[in-house]
Amino acid sequence: MSVIITRLSTDDEIEQLLKLQHKNLARNNSPQTIESQGFVTVEHTFDLLKQMNQAEPQIVARDGEKIVGYALVMLKEFRQSIPVLEPMFAMLSEIYLSNKVLSDYHYYVMGQICIDEQYRGQGLFDQLYLGQKEQLKDRYELCITEVATRNQRSMNAHRRVGFESIHEYTAPNGETWSVVVWDIRK
């Protein structure tokens, strides 16, 4: 495996990331694939990803010139850019961790993590998170995200990296989500 963990740097890489994202959206996969391989929910635009990358370089897994995985950093400044995430951001002022609301921590949100199907099971999920942690641990306390509880592959992988589930809720569409946090200073 000649995969390296690096920063997203070119427009071509953004396009490749978007193609990988599109391929893994829940709406583009069968229930069987969703159950066994997981899925992603949010669809980003080229312009939004470019802005997010300028604000905080995104971490990608690259095999040669091919993007085979990514871990997106979503800063709170972008919370209104993706309406489906707004309720999660709003909830962060109501959830406590160590007697302090999450919104009082210096945090970023894991905007999405995805690995190309051919590269799964090779440790890239952990490597992407460790690359992100190395880049961000001096500027942030926590990484926060939410995972659909039916996405057991993702739930298990997040636990393995060190995320702790601290809150669950059911969205208006009936999907149950787990809010998970990772102290990246440890």
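I shall go from the chain as a whole to one residue, Glu13.

Please bear in mind that this is a predicted model. In secondary structure, the chain contains six helices and nine strands.

Let me turn to the overall dimensions. A compact globule of 186 residues would have a radius of gyration near 16 Å, and the chain has 15 Å, so the value agrees with that expectation. Taken along the principal axes, the C-alpha atoms fill a box of roughly 45 × 40 × 30 Å.

Of the 186 residues in the chain, 51% are buried. Among contacts with a separation of 6 or more, 68% are between residues 24 or more positions apart.

As for the surface, the chain exposes about 9200 Å². Carbon and sulfur atoms supply 47% of that area. The charged side chains comprise 20 positive and 25 negative ones, and the centres of these two sets lie 3 Å apart.

I now come to the single residue. Where is Glu13 found? Glu13 belongs to helix H1, which covers residues 11-24. Is Glu13 buried or exposed? Its relative accessibility is 5%, and because buried means under 20%, Glu13 counts as buried.

Which residues does Glu13 touch, if those up to four places away in sequence are not counted? They are Arg7, Leu8, Arg62 and Ile67.

Thank you for your attention.

Technical notes. Residues are numbered from 1 along each chain as its sequence is written. This is a predicted model: local features need pLDDT of at least 70, side-chain atom pairs count only at pLDDT 80 or more; totals for chains, interfaces and linings use all residues. Side-chain values use heavy atoms; hydrogens and water are left out. Helices (H or I, at least four residues) and strands (E, at least two) are DSSP runs, numbered from the N terminus. The radius of gyration is taken over C-alpha atoms; the globule rule is 2.2 Å times the number of residues to the power 0.38. Buried means under 20% relative accessible area, exposed over 50%, partly exposed in between (1.4 Å probe, protein chains only). Contact means heavy atoms within 4.5 Å. Accessible areas come from the Shrake-Rupley method with a 1.4 Å probe; for residues, only the protein chains shown count as cover. Lys and Arg count as positive and Asp and Glu as negative; His and the chain ends are not counted. The place of a charge is taken as NZ of Lys, CZ of Arg, CG of Asp or CD of Glu.
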